[in-house]
Each structure stands twice: as structure tokens, then as C-alpha cells.
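Q: I would like to go through this structure step by step. Could we talk it over together?

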Amino acid sequence: MKTGILALFATAFLAGTTAQAATLDVVKQRGELRCGVSQGVLGFSAPDDKGEWSGFDIDFCRAVAAATLGSPDKVKYVPLSTKERFTALQSGEVDLLSRQTTWTLSRDTDLGMSFVGVNYYDGQAFMVRGDIGVKSVKELSGASVCTETGTTTEQNMADYFSANKIEYQVIAFEKADQTIQAFNSGRCDVYSTDASALYSQRLTLNDPDRFVVLPEVISKEPLGPAVRQGDDQWFKVVRWTLFAMIEAEELGITRENAASLLESGTAAQKRFLGIDNEAGKALGLDPKWAYQTVAAVGNYGEIFERHLGKGSALRIDRGLNKLWNNGGLIYAPPVR
């Protein structure tokens with residue numbers, strides 16, 4: 001009897017493992033990547049009035065589609081709330097979560113998901129109306145703070161305010177748009193979330209110039225894409241797509257010059273682009289998968305500047321998100 005039960009468990013385990021390990025095959029057979037994104041954060045992932053999605057996180061979805069399917073357009077975007085996002089990934093509703101999600105120990109161990117890397121170094125900050133005269137978080141004693149449930153924000157505030165003996169009241173909402181509306185209408189004194197999101201959401205408020213993001217950053221929020229645990233091949237495909245975008249910037253390969261460098265590039269550039277390089281086969285991809293990625297969406301720096309940088313509506317300084325050889329933390333192992 002025990003042997004039979006063990007055999008059933010073994011069969012179920014192997015079946016589950018096989019199913020999980022087939023994500024790349026499923027994506028290829030389906031001809032579409034299902035990518036979990038936000039419900040609308042300008043600069044990261046937001047639809048326009050025609051329903052067309054764009055943003056920093058959207059371009060990562062497009063990059064993975066280009067690497068795996070040969071086209072950045074073969075993506076179905078699944079908008080998810082902070083509460084829904086992990087369940088959607090666990091259940092297989094989405095193949096990839098590219099949605100401003102902080103990499104933490106508990107999320108990496110308890111939720112059946114694996115972070116492939118960090119694509120944006122962020123931190124929690126606070127936004128207030130400029131006319132209240134507050135210049136520092138430490139002047140917020142007695143304030144009411146709007147935030148979202150299901151995020152790291154509430155615990156970060158509890159730790160920081162307790163350490164600094166600041167009294168406050170949390171008003172939490174399930175969705176980002178509810179939180180913003182409450183802050184915009186004056187229901188709370190402060191809005192707190194990741195600094196990048198504050199700069200984005202500020203642009204949606206009535207008269208954005210009336211609002212100020214305070215200088216303090218109270219936490220580490222390394223944001224990155226995530227996949228389900230148990231599928232090493234898919235994990236590596238998504239991770240190395242991120243690394244390829246970073247490496248391309250370091251090598252000087254852009255969306256505009258990628259095609260010409262197939263012929264005229266240096267040995268390192270040609271190797272990266274798939275010339276005389278079999279690395280893609282080990283991932284189950286076309287030898288020119290990195291070329292397909294960069295030619296479709298550009299390198300990491302291009303994507304950052306297009307959606308978040310000084311030339312965008314958000315005008316965020318790259319800061320920690322500069323390449324490692326330019327004083328930042330963005331670093332990729334050699335793509336070879």
C-alpha cells in the first residue's frame with residue numbers, strides 16, 4: 001500500500017515538474033507570451049486611450065517575446081492588482097510577472113516564484129501637498145498616509161515610524177487608482193509608495209506642481225521580473241534576456257545599430273549578436289536571440305531613457321540604475 005501511494009506521489013510530482021518545465025514550449029506552441037503587468041503606472045506599464053500598452057516593464061515583456069518568439073508584438077498583457085499578481089503567476093495565468101515588484105526573502109521562498117534579477121533599484125518615499133509646508137518625513141507626526149495593501153509599503157512605514165517615534169494613521173486600498181484618488185481628494189495627508197511610482201502618479205493628479213516628493217527614501221526596493229519556481233529553463237531564458245539588454249548597453253549595441261553590427265561589429269559585438277555563437281541553443285532559443293531582443297526594443301539604457309529618464313515625462317535621474325562602470329549598480333554577467 002505504501003509503495004503504491006509513494007508511486008502515485010512520484011507520478012504526480014513528475015507530472016507537475018514536467019508541466020512546469022514546459023513554459024518555453026507552451027509559449028512557443030501558443031505563439032504568445034502572457035505577461036502580468038500593472039493596472040496602469042505611467043512610465044512602467046500603462047495603456048493609452050486606444051488600449052496600446054507602453055512603459056519600462058512593457059518593453060521587458062516585449063524583449064522576452066522577441067527572444068522567444070522572434071517578435072516583440074506577440075504579447076498578451078494581463079493587468080493585475082498588487083493583491084492578484086502573485087496568484088496569477090502561481091496559477092499559470094501569466095508566464096511572467098513584469099510589474100514593479102520588490103524582491104524580498106519571503107516572496108522568493110514562500111510564494112512559489114523566482115526573481116530573475118533587478119531591473120530597477122528603487123526605494124519607498126512620500127509625497128505631500130506643497131502648501132502644507134512639510135520638508136521632511138520626520139515632520140509627519142499625526143499624519144494620515146494612503147497606501148496600497150499587498151505591498152512592502154505598510155511594513156516599511158511601521159518600521160521607520162516606530163524607530164523615529166512618529167505617530168501616523170494608515171488608510172489602505174486594494175488598487176492603485178483608489179489610493180491615488182483618495183490622496184488627490186484630500187482624504188489623507190500623505191501618499192507613500194516606491195519613489196518611481198510617486199513620480200509617475202504625481203502626473204495624474206490635479207495640478208501636479210502642487211505636490212512634492214519628500215527627500216527621504218526609507219527602504220531598499222529592488223524591483224525585478226519574476227517567474228514561477230520549478231522551471232529552470234524558463235527562468236534562465238527570462239534572466240538572460242534581462243542580462244542581454246544590460247550587456248548590449250555596455251557593448252554599445254542599440255536598436256538602431258544592431259543590424260549593421262552583424263557585419264561591421266567588433267568580435268565581442270558579433271559574438272553577442274549570435275555570429276559564431278551557439279549560446280542561444282543552450283537556452284532553447286535562436287542563435288540570434290540577443291540580436292532579436294535589442295533590435296526589437298533597444299538596450300537597457302535606451303528603454304530607461306525612453307520611459308523614465310530625463311527625456312520622458314517622469315524625468316527620473318538614473319542614479320543607482322546607471323551601469324556598474326558608470327557609478328551605478330546595473331551589472332550583467334558576460335553574455336557569451
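Q: Where does Asp276 lie?
A: This is a predicted model. In it, Asp276 lies in the loop between helix H11 and helix H12.

Q: Is Asp276 buried or exposed?
A: Asp276 has a relative accessible area of 79%, and the cut-off for exposed is over 50%. Asp276 is therefore exposed.

Q: And what is phi of Asp276?
A: Phi of Asp276 is near 55 degrees, which is a positive value in a residue other than glycine.

Q: What about Arg315: where is that found?
A: Arg315 is found in the segment after H14. Its phi is near 55 degrees, again a positive value in a residue other than glycine. Arg315 is exposed, with a relative accessible area of 53%.

Q: Let us change topic to the sheet. In what order do the five strands come?
A: The order is E10-E9-E11-E8-E12, in an open sheet with mixed pairing. Strand E10 (168–173) and strand E12 (211–213) are the edge strands, and each of them pairs on one side only. From one strand to the next, the twist averages 30 degrees.

Q: Which helices pack on the sheet?
A: Helix H6 (residues 153–163) packs on the sheet and touches E8, strand E9 (143–148), E10 and E11. The direction of H6 makes about 175 degrees with that of E10. Helix H7 (residues 176–184) also packs on the sheet, touching E8, E9, E10, E11 and E12. The direction of H7 makes about 155 degrees with that of E9.

Q: In which sense do E8 and E11 pair?
A: Strand E8 (residues 124–129) and strand E11 (residues 190–194) pair in the antiparallel sense, over five bridges. As one example, Gln124 has Asp194 in E11 as its bridge partner.

Q: And how many bridges join E9 to E10?
A: Six bridges join E9 and E10, which pair in the parallel sense. In E10, Ile171 is the bridge partner of Cys146. Together, E9, H6 and E10 make a right-handed β-α-β unit.

Q: How many bridges join E9 to E11?
A: Two bridges join E9 to E11, and these strands run parallel. Val145 stands opposite Val190 in E11.

Q: How many residues of E9 are buried?
A: Six of the six residues of E9 are buried, and the strand is mostly covered.

Q: Which of them point one way, and which the other?
A: Ala143, Val145 and Thr147 point one way from E9, whereas Ser144, Cys146 and Glu148 point the other way. In a regular strand, the side chains alternate between the two faces of the sheet.

Q: Now the aromatic residues. How many aromatic pairs does the structure hold?
A: The structure holds 16 aromatic pairs. One of them is formed by Phe44 and Tyr120.

Q: Why is the pair of Phe44 and Tyr120 described as edge-to-face?
A: The ring planes are at 80 degrees, and planes over 60 degrees apart count as edge-to-face, so the pair belongs in that class. The ring centres of Phe44 and Tyr120 are 5.7 Å apart.

Q: Where in the chain are these two residues?
A: Phe44 is in the loop between strand E1 (33–37) and strand E2 (46–47), and Tyr120 is in strand E7 (residues 120–122). They are 76 residues apart, and the pair links distant parts of the chain. Both Phe44 and Tyr120 are buried.

Q: Which residues form one aromatic cluster?
A: Phe44, Phe56, Tyr120, Tyr300 and Phe304 form one aromatic cluster. Arg318 lies over the face of Phe304, at 5.5 Å from the ring centre.

Q: One last topic: why is helix H13 described as largely enclosed?
A: Seven of the nine residues of helix H13 (residues 289–297) are buried, so the helix is largely enclosed by the rest of the structure. Among the buried residues are Trp289, Tyr291 and Val294.

Q: What covers those buried residues?
A: The cover includes helix H3 (56–69), H9, helix H10 (258–264), helix H11 (267–273), helix H12 (279–283) and helix H14 (300–307).

Q: And what follows H13?
A: Gly298 follows H13, and its phi is positive, near 100 degrees.

Conventions
Residues numbered from 1 in each chain as written. Predicted model: local features only at pLDDT ≥ 70, side-chain atom pairs only at ≥ 80, totals over all residues. Heavy atoms only, no water. Pairing = 2+ DSSP bridges. Helix = DSSP H or I, 4+ residues; strand = E, 2+ residues; numbered from the N terminus. Axes fitted to C-alpha atoms, helices over the stretch in contact; angles between N-to-C directions. Contact = heavy atoms within 4.5 Å. Buried < 20%, exposed > 50% of the residue type's maximum accessible area, 1.4 Å probe, protein only. Right-handed = clockwise from strand over helix to strand, strands pointing away. Phe/Tyr/Trp six-rings, centres within 6.5 Å; stacked < 30°, edge-to-face > 60°. Lys NZ or Arg CZ within 6 Å of the ring centre and 35° of its normal.
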